[in-house]
Structures are given as structure tokens and as C-alpha cells.
Amino acid sequence: MIKIPTRVLLVDDEKDFVEMLSLRLQDAGEKVTPAYSGKECLDTLKQIPIDVVILDIKMPGMDGIETLREIKKRFPLVEVIMLTGHGSTETAVEGMKLGAFDYLMKPAEFDDLTAKLQAARKRKDEQEERIRKAEATLLVRKAGGIA
Amino acid sequence: MEPIRILLVDDEEDFRQTVAKRLAKRGMHVRQASNGENCLSMLEKEPVDIVVLDVKMPGMDGIEALRHIKERHPRTQVIMLTGHACAQDGVEGIKRGAFDYLSKPIELEHLLTKINQAYDKIIREEEKEREAAFRASMEQQMIATERLASLGTLAAGVAHEINNPLAIIKESAGWILSILHKDELKDMPRRSDLELGLSKIQKGVERIRRITLQLLESVKQTDSLVSEVNPEELARETVDLVCKDASAKDVRIMIDSRPDVKRIWTDPYKLRQVLINLLTNAVYAAGPGGTVAVMIRPTNEGALITVQDTGQGIPRENLARIFEPFFSTKPPGEGTGLGLFVTRGIIEKLGGAINVKSEFGKGSAFEIRLPLHPEMEDMPDASDNPGAWLVNVEG
């Protein structure tokens, strides 16, 4: 079976980190777009389709939580995995209450990251599938089918 | 109350005997000396509370004896007895540290009043000393606590900053390794050397990561989720978590509880973390063939959990230091020196106390005392120390 790449948007102000992790994820068959700030993340989301955003919580300017709120407001179907360099998981939990899929502690195990990435991608696919089905039902009704 | 101990010093035998008898009748413990030298040697042997000291004596006179008494027995109070119309001697005595003086002939009631006043003064001074000692030890504790708190805050800040570049190193090493594993590089010369180097980098990264995580843990500001906990159940759960590791190391873990162990209100997650720390240490200390015992007992205040091992024990010189951050006797890479530091921080936040008993060569026992309810008012004032030791309780 051919792996369908997950379209990942990797957001962190640490350029070296973004660069290395992008290379690894691409090597693992994902399609990665880098962004170095919350604003750049939102601009990118407007321009290209993305499945999962990997989002660092601590960034100068617009921080991860703020960015997350905007993502969920404007692109509710995009899944978000939070990255925290902090020992405290509070912010990560706050993020999950705001709709993030999951979080990872930095430095994270690559295997954990890819596992969570797949799970997030799966949730998004399933949600989109449900939406398609619902839309189909709607069309049938409108066309005067079974009520 | 203990009887007041008096030494009566006078060269006039009759006077001395009479006064001594009458003081003894009032429940005092009276001894006698006939001159200054005698007085001093008796004091050397057995201290008294109050010396009633005649000024005019052959040989060493009262003033001279007073000087020696004050020098060698600063806590002893002295009441001078002066001859009639010799008030000057009494004043001299007070200047040299006597409590007061009485002129002969004395009235017994008068002497009694003075003795009682002098005794009150002794008690007041003892209290003052105790208070000063208590305050000094409190201050020392505060300094130590504050030092650790600010050290912790600093360390956590550093840890946080280190995690970011550490993530870069980890990703880079991981990436290189994944490239080395590709088919196209299968026959690359000295591939195993590169892999060896990379594995060392990864091990080092893992070690740093453990340290930074524990540092962050040590000052972490988390809401305590307090709920009703059965200490025995929690202990059994925790033992289940570590028993695999223990049996791999050939260490037996036993649990000993009693039916009258009460449920306590505490944070089960944190308490489990503490028990895991202590059990892991105990398993390590016990070594192959050793035994670890977890004992749970009810106390008036709550519960007492003891984790005991049959290891080598902790040398006396290390006992005072084991709760300090970065103190470890494990070989480099095996211990971060933060486990017990974090453990104590948690227990204190939960309103409990931890202490250790150890006999060198026989093993150690860590005792955790936990209250029925965490006493929040006993927490250090959070406003003095923002963030560091704050506990918010919900639920």
C-alpha cells in the first residue's frame, strides 16, 4: 500500500529544530511545510491545505495558545499537536481543552511524534468522511429522496 | 516542679544551720559551704540555682567568690548577705553581677522573696535562651529552604532553555541515524563507527533530558488534585508498577498493612510518584537477593508509610545531604541527584514530612507521614516566592 503523506505544518521559532525535524518527517514520508511564527502559520494555512499542525507553545509574538485559538476558529478541521519545552503540562492541557489533538514534551521521541501524527491524521480523515456522508444525505433529501 | 537548689555560704556555723533548716522546710534543696573556696568546689561538682553568699568571710571573701561564680557558672544567681551598715558591699556585689543583697540580720521572709525573684529570673532567662535557639534554628531552616527554592527556580529556567537546543541535537542525531539505516548506505565504510558515535550522542541526550525534566518537575507549579485515597491500595498499585523491574534485579517487595489504616485526603498522582521514587531507590539499594518492605500504619494525624530496604544503608556523613539537589552516590548517568529532592518537595507540599533512618550495613527506612487532610495554612507563603511552592487545591 502506498502511504499517503500527511500534510504537516511545523511551527517553531527554533529554526534549526524546524529544519531537522522537517527533514526527518519528510524522510518518513510526510509532506512538511515549515513556519517560524504564529502569524506565518496562519498565513500558510490560508494558502495551502494542511492536515496536522505541530505547534510549539512558547514563541515570541503570537504564542502557541493564541495561534491555536485562531487555527480552531478559522480552520476547525485542522488537527493540532502542541509541543512544550516546559515541564509543566498545564499549558498543554489548556491547549487540549481548546481543541488541540494532543501534546508532546520537548525533546520528544520521534516514534511518539509519528504515532500521534498518524492518530491526528486519522481523526481528521474520519471527521471529513462523516462530513462527506452527511452532505451526501443532505443532497439526497434535497433531491426529494427518502425523508 | 523541681525544688530550688540553694547553696548557702557563710562562715558563721549557727546562722548557716538555722537558715538552711528553715529554707529546707520551705521545700528547697539546700547545701552549705563555710567559705568561698569550699563554695566554688561544691559548685564544680554539682551546680545550683541560687547561691546565698556572705560577703565577710575569712580567706576568699564574698566579692571574690562572686566573681568566680559569675565567671564559671553564668546561669547561677547570687544573693549577697552583707553586714549591718555595710550596704556598700552589697552595691559592689550587684555591680559585679549579684542578683541583689540583703543586710544582716536578715528576715527569713525577705530572703525567701529574694530567692523566688532570683529563681523567676533564671526561668525567664532560660526561656529567652530557648527562644533564641529556636529562632536561630528556624532562621537557618528558612535560609536553607529559600536557598533551595531560588536554586530550584534558577535550575528550572536553565533546564527549560536547555531543552530547546537539546531537541535540535536529538533530531539531528536521529536524522543521521535514519539515513545511515537506508539501503543505499548499507555498504558504507566504517558505518558502525558512525553508529557508535551517534548512539553515544543519543545516550547523552537522554541523560540530559532526564535531568531537565526532573528539574522542571522540582519547581513545577501544578494544581494538586486532592481526593480520598486508601494508602494501602495506592501502595499496592505502585508496587505492581515497579515489581517487574524489581524481579529482574532479584529483589523481593513485600507489603505490610493493617486493617485499621485510615483513608487520607491527598493527591494520589503525586503520592504515587513519591512511592515510585522511593521504591526504585530501595530496589537499587537492596541489590540482588535483597528485600524491600512497604509498611503502612495509621497514625493520629493520618498515615505513616515506610519504605525499607535491606541494602548497605547510608553512611552517617551522607544522611544529612541526601535530600539536597544534585547529591547522588550512584555512578554518573544512573542518578540525577534530584529524586529525593523532588520527593521531599512533594511531601512537604502535601502537608506531610519525610525522614530517613539508616543503619550502615543493615539498610535504610524512609518514613512518610501524611496528614488526614493536607493543611494548606501550613504552606509557605506563596506571595514571598511566586510560583515556586504554590499549591492550589481543587475538588
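The model is predicted, and in it chain A contains five helices and five strands, while the contact between the chains takes 16 residues from chain A and 20 residues from chain B. The largest nonpolar core has 40 residues, with B:Ala282, B:Val292 and B:Val307 having the most contacts inside it.

**Chain A: overall fold**

- Read along the sequence, the elements of chain A follow the pattern β-α-β-α-β-α-β-α-β-α, made up of five helices and five strands.
- Of the 147 residues in chain A, 37% are buried, and among its contacts between residues at least 6 apart in sequence, 57% join residues at least 24 apart.

**Chain A: the sheet**

- Five strands form an open sheet with parallel pairing in the order S2-S1-S3-S4-S5 of chain A, and the twist averages 20° from one strand to the next.
- Strand S2 (31-35) and strand S5 (102-105) of chain A stand at the edges with a single partner strand each, so one side of each is left without a neighbour in the sheet.
- S1(A) and S3(A) pair in the parallel sense over four bridges, and A:Leu55 in S3(A) is the bridge partner of A:Val11.
- S3(A) and S4(A) pair in the parallel sense over five bridges, with A:Val80 in S4(A) as the bridge partner of A:Val53.
- Strand S4 (residues 79-84) of chain A also pairs with S5(A), in the parallel sense and over four bridges, and here A:Leu104 in S5(A) is the bridge partner of A:Leu83.
- Five of the five residues of S3(A) are buried, so this strand is largely enclosed by the rest of the structure; A:Val52, A:Ile54 and A:Asp56 point one way from S3(A), whereas A:Val53 and A:Leu55 point the other way.
- Helix H5 (residues 110-142) of chain A lies across strand S1 (7-11), strand S3 (52-56), S4 and S5 of chain A, and runs at about 155° to S4(A).

- In soluble globular proteins, nonpolar side chains tend to be buried together.
- The largest nonpolar core, of 40 residues, receives two or more residues from each of helix H5 (108-180), helix H6 (191-219), helix H7 (231-248), helix H8 (268-286), strand S10 (291-298), strand S11 (302-309), helix H10 (339-349) and strand S13 (363-371) of chain B.
- H8(B) gives the most to this core, with nine residues, and the core draws at least three residues from each of domain 2 (147-219) and domain 3 (223-394) of chain B.
- Leaving aside residues up to four places away in sequence, B:Val307 touches B:Leu278, B:Leu279, B:Ala282, B:Val292, B:Val294 and B:Phe366.
- Apart from this core lies another, of 36 residues, whose members include A:Val11, A:Leu45, A:Val53 and A:Leu55.

**Chain B: helix H10**

- Nine of the eleven residues of H10(B) are buried, so the helix is largely enclosed by the rest of the structure; among them are B:Leu340, B:Phe341, B:Val342, B:Ile346 and B:Ile347, together with B:Thr343 and B:Arg344.
- H10(B) is followed by B:Gly351, which has a positive phi near 80°.

**Contact between the chains**

- The contact takes 16 residues from chain A and 20 residues from chain B, and the largest share of the chain A side, seven residues, comes from helix H1 (residues 15-27) of chain A.
- The residues on the side of chain A that touches chain B divide into six nonpolar, four polar and six charged.

Technical notes. Residues are numbered from 1 along each chain as its sequence is written. Chains are lettered from A and ligands numbered from 1 in the order in which they are written. This is a predicted model: local features need pLDDT of at least 70, side-chain atom pairs count only at pLDDT 80 or more; totals for chains, interfaces and linings use all residues. Two residues are in contact if their C-beta atoms, placed from the backbone, lie within 7 Å. Ala, Val, Leu, Ile, Met, Phe, Trp, Tyr, Cys and Pro count as nonpolar, Asp, Glu, Lys and Arg as charged, and the others, Gly among them, as polar. A nonpolar core is a set of buried Ala, Val, Leu, Ile, Met, Phe, Trp, Tyr and Cys residues joined through C-beta atoms within 7 Å. A residue is buried if 20 or more other C-beta atoms lie within 10 Å of its own, exposed if 12 or fewer, and partly exposed in between; C-beta atoms are placed from the backbone. Domain bounds come from an automatic or database domain assignment. Two strands pair if DSSP finds at least two bridges between them. Axes are lines fitted to C-alpha atoms, for helices over the stretch in contact, and angles run from 0 to 180 degrees between N-to-C directions.
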